[in-house]
Amino acid sequence: RIMPVRWSRYNPNYLEPEVKKESYQKPLEELTEEEREQMELKAVRPIKAAPPSLSSSVFSDPMISKFTNMMMKSGNKVLARSLMSQTLEAIKRKQLEKYHKAPENEKETIECNPYVIFHQALKNCQPIIGLSNITKGGKTYQVPVPLTDNRKRFLAMKWLITECRENKHRRTLMPEKLCQELLLAFNNEGPIIKKKHVLHKMAEANRAYAHFRWW
Amino acid sequence: TLRLICTTTAVQRKNVGASGPEKYTEAFIKKQIEEFNLGKRHLANMMGEDPETFTQEDIDRAIAYLFPSGLFDKRARPLMKHPTEIFPEQRKIQWGEDGRPFHFLFYTGKQSYYSLMHETYEKLLNVQKHQDQLIAQDLPLQKEKRNLVGSRWLTKIELEEMLLEKVSDDDYSRFIQLLQKLAALPCADIEEKYIQKFSKEVPVQLQQVIIEPLQHDERGVAFSTGEGKRKTARATAVVYDNGTGKITVNGMDILHYFPVLQDREQLLFPFQFLGRIGKHDMVCTVSGGGRSAQAGAIRLASAKALRSFVTEKEVEFMRQAGLLTVDPRVKERKKPGQEGSRRKFTWKKR
């Protein structure tokens, strides 16, 4: 008897829950054809339960929860969550300092919202193209390959976390270091952006092998 | 074959009819039916009821009264049903006395499946011919989209029951693809009856749940109860109207019972979703499970209790947000030969 490895306790008929309040308050006329079909489908099919990390409040953000889960070690979500909130607080403090010191005309350009800074920094860190090892005729080549959205986000977050865990002065705490890296990435500077550019250059250099990709 | 962990009742039923040619002769089944009818009349006489109007439910009640059994499995208890339900329908012998088979596709091995595919393809060609005729006469094609949302195709087990022979997964998916192709054509209305034979109605989910009305306690305040569970935690919640938004768990305030922000967020999730944060009071009791499981159980209990305070549309929104489903995820068992549920023992070369 063979047991499937990736299975879930839910029937394949179950659909993902939609938590945001705004999507339920739209009147019928504004919806497109696809959205109308989706709504009808949802009325008939059963829906999975919302996981504990997801909530309809303003403070829950899917990217932030993904990042906290990646930072978590041995299932210590409490610690990871507190580190994340300390990081966001530290970002806000630094930006407020800069805001109060800056002259009048520059005050509007300084971004104070830590969520906006986080999202923008992640976007700046995402690579566009990646390399994959393809073995042909006995030799393994590094072939440039387009990446999916999920993979790009995952790589950006992974680089951030490894950078903060390894390359820091012995006494700096994780929130401080994360905050520095996020602000640097927001301004398109810093070691992670450099890593992304290095990857792009390698992909450009191996452009000749691009035809090895079959998918 | 893969064993599914998440199964519906339709999938779990074993199809005995498709296993092979008949093991019961026609004469045998006829005799069983006569005996059943006689026995029904005797039973009605014994119970003092009218033999003419003795329904299947009365038979079940009579048998349960005369032969009480304490066995847990309902299928093991004494049973008296019509022989067609007990002896499943099976295929009669497919060839005549001279050995020649009746059906022209007998030697393919899956005669009913291939004849079904043959018929369906014939209908498809019909529809295409009709379409070509309409185009030749420059008439507009009817483009009413069949509402595919309220109906589902037959499952593999149901198809096997219909055809009385085994259908493999590949064959089943090919058949469904052909049906979908047929249903997607604009002039498919001609063959509507044929398609309806293979589709079933799926009722709207919400109609299956009964919402209880509000109860009132001594001071005239409206309240309602709800129960919820998650992993091993069980919770009951009582939501009162005209409140200040105070929440009490096992006699303690939520700030003392749930020091973690995530759990408190989960407790307030149903209220925040409906926009009723300061309007309700809640008193709940919870036991079992861990920190997060108890929070999830209370969330489910409060969502169920809030259904009675809210319009039907909002109940449907809550269901689509995933607040009203019981989370079926539990701890996976440890398997022998492995250290945990997934982790294997360290591999040593020698």
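B:Phe67 lies in the loop that joins H3 to helix H4 (83-86) of chain B, where helices (H or I, at least four residues) and strands (E, at least two) are DSSP runs numbered from the N terminus. The model is predicted, so that local features need pLDDT of at least 70 and side-chain atom pairs count only at pLDDT 80 or more, while totals for chains, interfaces and linings use all residues. Residues are numbered from 1 along each chain as its sequence is written, chains are lettered from A and ligands numbered from 1 in the order in which they are written, and side-chain values use heavy atoms, with hydrogens and water left out.

B:Phe67 belongs, with B:Met46, B:Met47, B:Tyr65 and B:Leu66, to a nonpolar surface patch of about 560 Å². Helix H2 (26-47) and helix H3 (56-66) of chain B each give two or more residues to this patch. Patch residues have over 30% relative accessible area and no salt bridge; like charges are joined within 9 Å, and nonpolar side chains (Val, Leu, Ile, Met, Phe, Trp, Tyr) within 5 Å. Accessible areas come from the Shrake-Rupley method with a 1.4 Å probe, and for residues only the protein chains shown count as cover.

Rolling a probe the size of a water molecule over the atoms shows where empty space is left. A cavity is a set of points, on a 1 Å grid over the protein atoms alone, where a 1.4 Å probe fits but cannot get out; lining residues have an atom within 4 Å of a point. Of its 14 lining residues, A:Ala50, B:Arg230, B:Gly296, B:Arg299 and B:Asp327 are the closest to the centre. H11(B) gives the most to this lining, with three residues.

The second largest cavity has a volume of about 40 Å³. Its lining includes B:Gly245, B:Leu268, B:Phe271 and B:Asp281. Helix H10 (261-274) and strand S8 (281-287) of chain B each give two or more residues to that lining.

Side chains of opposite charge can pair when their charged atoms come close. The structure holds 21 salt bridges over all chains, each a side-chain nitrogen of Lys or Arg within 4 Å of a carboxyl oxygen of Asp or Glu. One salt bridge links A:Arg93 and A:Glu89 (2.8 Å, N to O). These residues are separated by about one helical turn because they are four residues apart in helix H4 (residues 77-101) of chain A.

Key: On a 1 Å grid over the protein atoms alone, a cavity is a set of points where a 1.4 Å probe fits but cannot get out, and a pocket is an open set with protein on both sides within 12 Å along at least five of seven lines; lining residues have an atom within 4 Å of a point. Grid points are joined across faces, edges and corners, and a volume is the space filled by probe spheres set on the points.
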